[in-house]
Amino acid sequence: MKRIAVLTSGGDAPGMNAAIRAVVRTGIDYGWEVYGVQHGYSGLIDGNFRLLGQRDVGGIIQQGGTILGSARSDEFRTEEGRLRAIRELNQAGIEALVVIGGNGSQTGAHALDQMGFPVVGVASTIDNDLYGSDITIGVDTALNIALEAIDRLKVTASSHQRAFLVETMGRNSGYLALMAGIAGGAEAVVIPEVETDPEALVEEVRIAYQRGKAHAIIVVAEGATPEADGLARYFKKHSERIGFELRVTTLGHVQRGGAPGAFDRLLATRLGARATEELADGRHGVLVGHRKGEITTTPYDEVVSHVKTLDTSLLALAKVLAK
Ligand code: F6P
C-alpha cells in the first residue's frame, strides 16, 4: 500500500477533524501518502483530492466541523456515480479509502467496497443511530450542547413559570433527546421510538404545575410523532388548563457546530488510527466503532443489515425522575 484517501460525509460531527488528523498522521507513519477528498462523495466523483501532510492537519483537533467539507450526494447513490468515483481513485493511484460518517455514508462505503474498492468506515454521527458502535463521534459534544441549552432554558422558564418545548436533532433516533432529557432533568421526553399521546403529555405538564413546579421542560426529538410543531399547537390550544405558558426552542444545527470535547477527540483519534491499522493489515469492508468499551470492527454486511435500537426503558426512568 502506498496511497490512501480519507473523506467525511453526511452531517458534520464534532470530532471529525480529530479523526482526519489520526488517519493522516498514522497513514504517514506507515509510509503512505494520504489524500483528503473535498466535499464527501461529490468530491470523490469529481476527483477533488488534495495531498495532506502532517502540518496540514495541525491545529485542527480542537475544531468542530470538518476541514475536508461534507456533502450529501445523490449521484453517489447510483452505480454510475460510484463507477466514476472508482475511476477517479484509480487514476490518482489511490488504493484504499477511509470514510468518516454515519448511516448513509457507510451504506455508500459498503457499496463501494462491494464493487472492489477497499474501504474502512469510521463511525461518526451526532444521531448515534449507527449499528456497530455504541457511541459515535460527535454524540457526546452534541449532547453537552443540548444540555447547556436546557440548563439555560430552565433558568428563564423558572423565572416566568413557563413550559418549554425543546426540539433536539437526531433524525429518526431519540437518543439525543432521551439522554439530554435525563441529564437535563426534563419533565417530559418525546422520541420517535415511542408514540406520544399529546393529551397525556398535556396532563403530565398540568400535574407538574399543580405540584408546584416552577417550569416544565419537554424535550422533543425532531423525528417524533407528533412532531414539536404539532405538540406546540396542541399545548397552546389547552394553555388555560395547563397553567404554564409555552415557548418553543429548536436547537437544530447549533448542536452540530460545537468544538469537540475530550471524549470526542479521544474517540475520533482512536477510531481514525484503528481504521488505518485495518488497512495496513489488509482488512477492509468493516466499520470501526466503539463497543462495550473496546475499539472494534464490524463487517459492513452486518452494519447495513441491522438497525441500532434505543433502550426505551430509559424513558420510564425519565418519567420517574421527573416527579
Ligand atoms: O444526521 C445528522 C443530522 O444533524 C440529523 O440529526 C438531522 O436530521 C440532519 O443531519 C440534518 O441535515 P442537514 O444538515 O442536511 O440539514
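**Group meeting: a walk through the predicted model**

Okay, so start with contacts, meaning heavy atoms within 4.5 Å: among those in the protein between residues at least 6 apart in sequence, 76% join residues at least 24 apart. Keep in mind that this is a predicted model, where local features need pLDDT of at least 70, side-chain atom pairs count only at pLDDT 80 or more, and totals for chains, interfaces and linings use all residues. Residues are numbered from 1 along each chain as its sequence is written, and side-chain values use heavy atoms, with hydrogens and water left out.

Overall size next. The C-alpha atoms fill a box of roughly 70 × 35 × 35 Å along the principal axes. Of the 323 residues, 53% are buried; buried is under 20% relative accessible area, exposed is over 50%, and partly exposed is in between, with a 1.4 Å probe and protein chains only.

Now, Thr-125. You'll find Thr-125 in the loop between strand S5 (119-123) and helix H5 (139-160); helices (H or I, at least four residues) and strands (E, at least two) are DSSP runs, numbered from the N terminus. Is Thr-125 buried or exposed? Buried, because its relative accessible area is 9%. Skipping neighbours within four places in sequence, Thr-125 is in contact with Ala-13, Gly-102, Leu-130, Thr-136, Ile-137 and Val-139. Its side chain also gets to the backbone nitrogen of Asp-127, at 3.0 Å.

Last stop, Leu-321, which sits in helix H12 (residues 313-321). At a relative accessible area of 55%, Leu-321 counts as exposed.

That's me done.

Conventions
Polar contact = N/O pair within 3.5 Å; in protein donor to acceptor, adjacent residues only side chain to side chain.
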